[in-house]
Protein chains: 2
Amino acid sequence: MQFKVLLVDDEQDILDLLKYNLEKEGFVVETASNGRLAVQAFESFQPQLILMDVMMPEMDGMEACREIRDLPQGSDVIIAFLTARNEDYSQMAGFESGGDDYIAKPIKPRILVSKVKAWLKRWEQKTDHIIAEVSTGGLVIDKEKYLVTNNGEVFNLPKKEFELLALLVSAPGRVFTREYILNAVWGNDVIVGDRTIDVHIRKLREKLGEELFKTIKGVGYKFEP
Amino acid sequence: MQFKVLLVDDEQDILDLLKYNLEKEGFVVETASNGRLAVQAFESFQPQLILMDVMMPEMDGMEACREIRDLPQGSDVIIAFLTARNEDYSQMAGFESGGDDYIAKPIKPRILVSKVKAWLKRWEQKTDHIIAEVSTGGLVIDKEKYLVTNNGEVFNLPKKEFELLALLVSAPGRVFTREYILNAVWGNDVIVGDRTIDVHIRKLREKLGEELFKTIKGVGYKFEP
DNA sequence: CAATTTCGTTAATATTGCCTTAACCCTGAT
DNA sequence: ATCAGGGTTAAGGCAATATTAACGAAATTG
């Protein structure tokens, strides 16, 4: 898969440096020099990742972020900000209004490349992606923030419970076999007994509602709103 | 509002050029020809923005930057460096000495003006500097003055503690992973052990209240009023 | 510029709470 | 009734986190 990265900064030097390093790694790169152009470039280029300076003339990074997020295709792209370290985190309120992450200036090419790879890897996993929103009951799962909201009530589930829940909710109504669950949540190599799954299901039922998790005897479990 | 800009460079030509272009846009401009004079000019002129060459006789830009930052009124001003193209070293050192941004020489007047406008726009945002006010406990964070007020009690937190707090408070309820925290507070390249975060969390809990900072085992921390 | 204080980090030790399991219970099918 | 598959509960291990103290570095002070 060809990954497309959009770079946005008002300084040509930085654009050149970053572009060179990313293209060397095989990414397809386009650039824009301010927020307004970035929004346009996003629409035509449709990148998976946008790397954007916060401060720019014309339209700053956060403004552009908001506009892109408002576009119909704008919800899937990962937006990361370039910022000076120790810069105002309030400006980074970006993550509330749609920014995913950021990287501190000055940027070391090696660090940049590894972070970009991590971001794109994350993007790849976006089929059972971040937000599973189930209309009946208003259950919302945010993998990035490790948050689960059920009818407005916020839960902080332990890791395994969270992962199990995320798996089941990723395909409501689908039955997951015990074997499949073990592979997905615990990994191929870890060996745990069958009761372990039961216990975790129990905890989820306790916290989120008995009726949401249905047992299919001899097969596995499924989530149903 | 009248915006005041202090230009610092040892070349009169450059001072004249920049001054002309900025005054044309309605900014109030003063100039200084080296770092030492810049510090003096800053104290009397009290500009919102300083545009300063890195390399100058008497006292260079970074030294001047540090001195200005040390002044009581020196934390609010935005300091931007003028640097030669591709001068990586000065960029980095500039950030470390407290510079906010930089602009590359040769300077194009149009670019300059738009950047100055962006900087001053940011300055305006900074001045309603009370950034996070959490109603449920009267926690107020003033990022410019490095002050934290909790129920009327004023704290002067050390840098790292303050930054960690600012990060967590920037999105109450959101869980921040340890990795994310390290990137945000310590930077991409600095390597510190995991216990370091714990210790800082501990200090915040001591000072502001045990219950405000919740641990999500295996994941990270979150702030909750 | 030495003396002193404060900050950031780590090492060492204690503690917590998640994960797992063992033991036992329940249910429905044969 | 027996059995298979799952449910439930509590307890213990153990990895993750908490805590404390101590050290060097930086900042501050006299």
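Around DNA strand C, helix 5 (159–169) and helix 7 (194–208) of chain A, together with helix 6 and helix 8 (194–208) of chain B, each supply at least two residues of the nearby surface. Helices (H or I, at least four residues) and strands (E, at least two) are DSSP runs, numbered from the N terminus. This is a predicted model, in which local features need pLDDT of at least 70 and side-chain atom pairs count only at pLDDT 80 or more, while totals for chains, interfaces and linings use all residues. Residues are numbered from 1 along each chain as its sequence is written, with chains lettered from A and ligands numbered from 1 in the order in which they are written.

**Surface near DNA strand C**
- There are 22 residues around DNA strand C, and A:Pro158, A:Lys160, A:Gly193, B:Pro158 and B:Gly193 come nearest; a residue is near if its C-beta atom, placed from the backbone, lies within 6 Å.
- By class, this surface has 8 nonpolar, 5 polar and 9 charged residues (Ala, Val, Leu, Ile, Met, Phe, Trp, Tyr, Cys and Pro count as nonpolar, Asp, Glu, Lys and Arg as charged, and the others, Gly among them, as polar).

**Surface near DNA strand D**
- DNA strand D is surrounded by 17 residues, the closest being A:Asp198, A:Thr215, B:Asp198, B:Arg202 and B:Thr215.
- Helix 7 of chain A and helix 8 of chain B are the elements that give two or more residues here.
- Helix 8 of chain B provides the largest share of the surface near DNA strand D, 6 residues.
- The surface near DNA strand D divides into 4 nonpolar, 4 polar and 9 charged residues.

**The sheet in chain B**
- Three strands of chain B form an open sheet in the order 10-12-11, with antiparallel pairing (two strands pair if DSSP finds at least two bridges between them).
- Strand 10 (175–177) and strand 11 (213–216) of chain B are the edge strands, each pairing on one side only.
- Strand 11 and strand 12 (residues 220–223) of chain B pair in the antiparallel sense over 4 bridges.
- B:Phe213 stands opposite B:Phe223 in strand 12 of chain B.
- Helix 6 (residues 159–169) of chain B packs on the sheet and touches strand 10, strand 11 and strand 12 of chain B; contact takes C-beta atoms, placed from the backbone, within 7 Å.

**A residue in helix 1**
- B:Lys24 is found in helix 1 (residues 12–24) of chain B.
- B:Lys24 is exposed because 10 other C-beta atoms lie within 10 Å (buried takes 20 or more, exposed 12 or fewer, partly exposed in between, with C-beta atoms placed from the backbone).

Conventions. Contact = placed C-beta atoms within 7 Å. Axes fitted to C-alpha atoms, helices over the stretch in contact; angles between N-to-C directions.
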